[in-house]
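Trainee: I am new to this structure and would like to go through it with you. Could we begin once it is on the screen?
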Amino acid sequence: MTSTAREATSLAEVDEADHHALASHEVILLLETDVDRGLDTAEAERRVGRYGPNELDAAATAGPIRRLLRQFNHPLIYVLLVAGVVTLVLGEYIDSGVIFGVVVVNSIVGFIQEAKAEAALDALRSMVRTDSRVRRDGSKQTLPSVDLVPGDVVFVEAGDKVPADLRLVEVSELQVDESAMTGESVPVQKDEVALDPTTPVADRRNMVYSGTLVTAGTGVGVIVATGARTELGEIHRLVGTADRLATPLTKKLTWFSKVLTAAILGLALVTFLIGLARGESGVDMFTAAVALAVGSIPEGLPAVVTITLAIGVNRMARRQAVIRRMPAVETLGSTTVVCSDKTGTLTENQMTVRVIWTADTRYEVTGSGYQPEGIIRVLPEGVGSADGEGGPDRGGVDLDEEGALHWTLTVGVACNDARLNREGETWTVVGDPTEAALLVAGAKANIDRKELSRALPRRGGIPFSSDRKYMVTVHEDGQEQRRVAVKGAVERVVELCRQELLADGSTRPVDPDRVHEAAEELAAEGLRVLATATGHIDPDVAPDVENMRGQLVFTGLQAMLDPPRQAAIDAVGACQLAGIDVKMITGDHATTATAIAEQLGILGERDDGDVLTGPDLAELNPEEFPGAVERASVFARVSPEQKLRLVEGLQSRGHVVAMTGDGVNDAPALQQADIGVAMGRGGTEVAKEASDMVLTDDDFATIEAAIEEGRGVWDNLKKYIVWTVPTNMGEGLVILSAIVLGLALPILPVQILWINMTTALALGLMLSFEPKEHGIMRRPPRDPSEPLFSGTLVARIFMVAGLLVGGAWWIFEWEQGNGAPIEEARTAAVNMFIAIKIAYLLSCRSLTQPMREIGFFSNHWLLFGIAVQVAGQMAITYLPFMNTVFGTAPLSLGAWGLIVLGGAVAQAVVTTDKTVRRRLAERAAAST
């Protein structure tokens, strides 16, 4: 057997093995490694060649040539290309050059934008690369995760991100957060025992998977899969094969382009046939038909759409939202429902102690997150809330006068394995978030972890486990017996206690029923409750349940939650004001989810149908499901499959759905949603690649900001289309009317090309920079089925086209009637077209409001564009070489007076139309 064949066989054996079903020594033999020495560097390099780097495959992208050719795949561009070829064959080199110039500019803009999008994706992929501790050549080394190979021996501990799929061979109280992979909301306890081959991924306790996070304990594992062969890579591959939904913009522009192309070609054919019927030359009529087609095509549309979307992308990036697919910018403006994950998006993702309860006092803890700023104050009986704002501000308590509080906080800090780290102004946690909350609560009362460790040196203990449901630490405190500190589930801690501590430091018999009642009340507020206790045991006695039962003193309860972000509360309100329904989806219990939803404003006065759990959804039949999920606002204990069904159900009711997520299990729902939103900080690579947008700050408020920007982008695109369609229609109708009437063309084809080329860039493009209109987030979402043009806008389009055609013919005939040469008359008609287009452009800055309400100087780019266009008109009118190229001639002062008058009349007509229609709409609304 050749070396290559042997390597292929080995590769297949490693991939196909059920590693979780093998004993650890069998896995080591299969992978030809050594736990004590690890791989040799030379062997690791050979395996890199066999297995490839440990990273997800980059999404398949088109090469530069294909990407460039794709820019020409548009119906309007097809017509322009044909027109360019025809004019070239007919010897109209200037016309042909201008046409091809427009096409090339459009293609370059699109090509550059796609290249930027791919560069952004590469940057996002690099964010997940980490360093790992590996045994190589008999010693521990720190290597980039991308260099790891099957057979490497990897060490993991609390705070580590797992770099590949590992079969565990040694564990010590190892717990792993696998929510990104399986959707499991609590960390999973791990061991190294072989399992049944049929064990599903979520239950493989002897495996840890790429992309998951170690929350407690330590472990040693052998890599069994890297890169695309990991469980993460498999989901990544499946997500990559899914089809993406067309956006509202894509659908509408595709339809609009097809209809417009058909209409333009039809008019060109009619023009050609009418000319032939009137006895005109076939070549002349063909040239006229091409001129009509070119004049009617809004060739700037593809470029303006791309540039407008790119401007939206840049604006969103400044507001912490990275857009991965440009059409998503506009789709955000159509969003009717936002389905948001709770943890880290709507909340801080930082557990915070809110309430401390002792046998005779209830305290409130102020402050939020891991930053140790805040105070602890006494709450009067019956006062308090989970949001930390329920009590009177009477200053912080004195721990010397609050014995029970002092020991409750002390036990929370002493019986703790978490660490708080400060990085600049940011506080981060290594270890369990619940334990971090206890550290912060102690710090708010000036209990320093290091000083406490010196005063109460730790000498042993029992780690927390899902079976025991409590943790014990043993400390020296200068007495013959050693002090024990215990924290855990209320029912397990209370059963170890005989006494309870009071504020004055005295004790009395514990009342278990009263403690349980208090814990239930706190849990009903959506708080997670931990009990603490302390006592003494002999140094030679094990701190187990039998030796501690009835020997401890109950100190109190600490109740915590992951608090909602203040910015998220404001953003939820803004979305609701904008007519966008916000739904919260979480793996937490319904009680916690409900409490957070109430604080966020997602739930107010409600009935039972507003909160649904995973089991509730499972009981719904397919006919009931869409209506139920549309009515509900909170979904708790939801599985990954149910998230996908939720999105599909809402879409079946006609909604445009934005979905947030950070885990691999969220990827199918992110892919299905109209807008998939991934978390930039805590999100997995698979979630990011399945998404359309990445939040760099993981904050729901950024979604609201992005929706606002999306609405602004849609408004500006619609304003451009409403502006360009009647102006291009007017150019085509000028030629058609001249052919039908058998008259000389008032505007030559080359002059029409000049108008199109200059106004698209100098005038129309400037609408892309139009600021968002006042009250944009107080409007209801745009109906996805709403046509591109309403009846009012269609009427306005024909009205403006009529003004353009009438104005051009009027000044053309006026100039000729007063003895002006035909070149001068045509120049006047060209400038009349420009004047009316400028007047209409100012009106299109708002499709409903008069210009005085939006401010004349609020878009400086537009004013600059008008100045550039006017300068261009002066050049084409007065520069001799441009007179020769474009068939123009200098104008008299009287002609300019008529041109300005024509623009003013057009502005007055359009403004009057808007005002009348607006008042009629307001009266109709008032009457209903």
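Mentor: Let us begin with a term: helices here are DSSP runs of H or I with at least four residues, numbered from the N terminus. Please also note that this is a predicted model.

Trainee: Where do tyrosine 720 and tryptophan 723 lie?
Mentor: Both are in helix 27, which covers residues 700-741. They are 3 residues apart, about one turn of the helix.

Trainee: How many aromatic pairs does the structure hold?
Mentor: It holds 7 aromatic pairs. One of them joins tyrosine 720 and tryptophan 723 in a tilted arrangement, with 5.9 Å centre to centre and 45° between the planes.

Trainee: Why is that one called tilted?
Mentor: Planes under 30 degrees apart count as stacked and those over 60 as edge-to-face, so the rest are tilted. The 45° of this pair is the angle in question.

Trainee: Is tyrosine 720 buried or exposed?
Mentor: Tyrosine 720 is buried, with a relative accessible area of 2%. Tryptophan 723 is buried too, at 1%.

Trainee: Which residues do ring pairs link into a cluster?
Mentor: Phe769, Trp861 and Phe864 are linked in that way.

Trainee: Changing topic, which residues make the nonpolar surface patch of about 400 Å²?
Mentor: Trp810, Trp814, Leu901 and Val905 make it. Helix 29 and helix 34 each supply at least two residues of the patch. Leucine 901, which belongs to helix 34, is partly exposed, with a relative accessible area of 47%.

Trainee: What span should helix 29 have?
Mentor: Helix 29 runs over residues 791-817, and at 1.5 Å a residue its 27 residues should span 39 Å. The C-alpha atoms at its ends are 39 Å apart, so the two values agree. Just after this helix, glycine 819 has a positive phi of about 85°.

Trainee: And how many salt bridges are there?
Mentor: The search of the whole structure finds 28. One of them pairs arginine 136 with aspartate 152, the closest N and O atoms being 2.8 Å apart. This pair links distant parts of the chain, 16 residues apart: arginine 136 is in strand 1, while aspartate 152 is in the loop between strand 2 and strand 3.

Trainee: Are those two buried or exposed?
Mentor: Both arginine 136 and aspartate 152 are buried. In another salt bridge, arginine 492 meets glutamate 495 at 3.0 Å between the closest N and O atoms. There, arginine 492 counts as partly exposed at 22% relative accessibility, and glutamate 495 is partly exposed at 33%.

Notes:
Residues are numbered from 1 along each chain as its sequence is written. This is a predicted model: local features need pLDDT of at least 70, side-chain atom pairs count only at pLDDT 80 or more; totals for chains, interfaces and linings use all residues. Side-chain values use heavy atoms; hydrogens and water are left out. The expected span of a helix is 1.5 Å times one less than its number of residues. Patches are made of residues with over 30% relative accessible area and no salt bridge: like charges are joined within 9 Å, nonpolar side chains (Val, Leu, Ile, Met, Phe, Trp, Tyr) within 5 Å. Accessible areas come from the Shrake-Rupley method with a 1.4 Å probe; for residues, only the protein chains shown count as cover. A salt bridge is a side-chain nitrogen of Lys or Arg within 4 Å of a carboxyl oxygen of Asp or Glu. Buried means under 20% relative accessible area, exposed over 50%, partly exposed in between (1.4 Å probe, protein chains only). Rings of Phe, Tyr and Trp (its six-membered ring) pair if their centres lie within 6.5 Å; planes under 30 degrees apart count as stacked, over 60 as edge-to-face and the rest as tilted.
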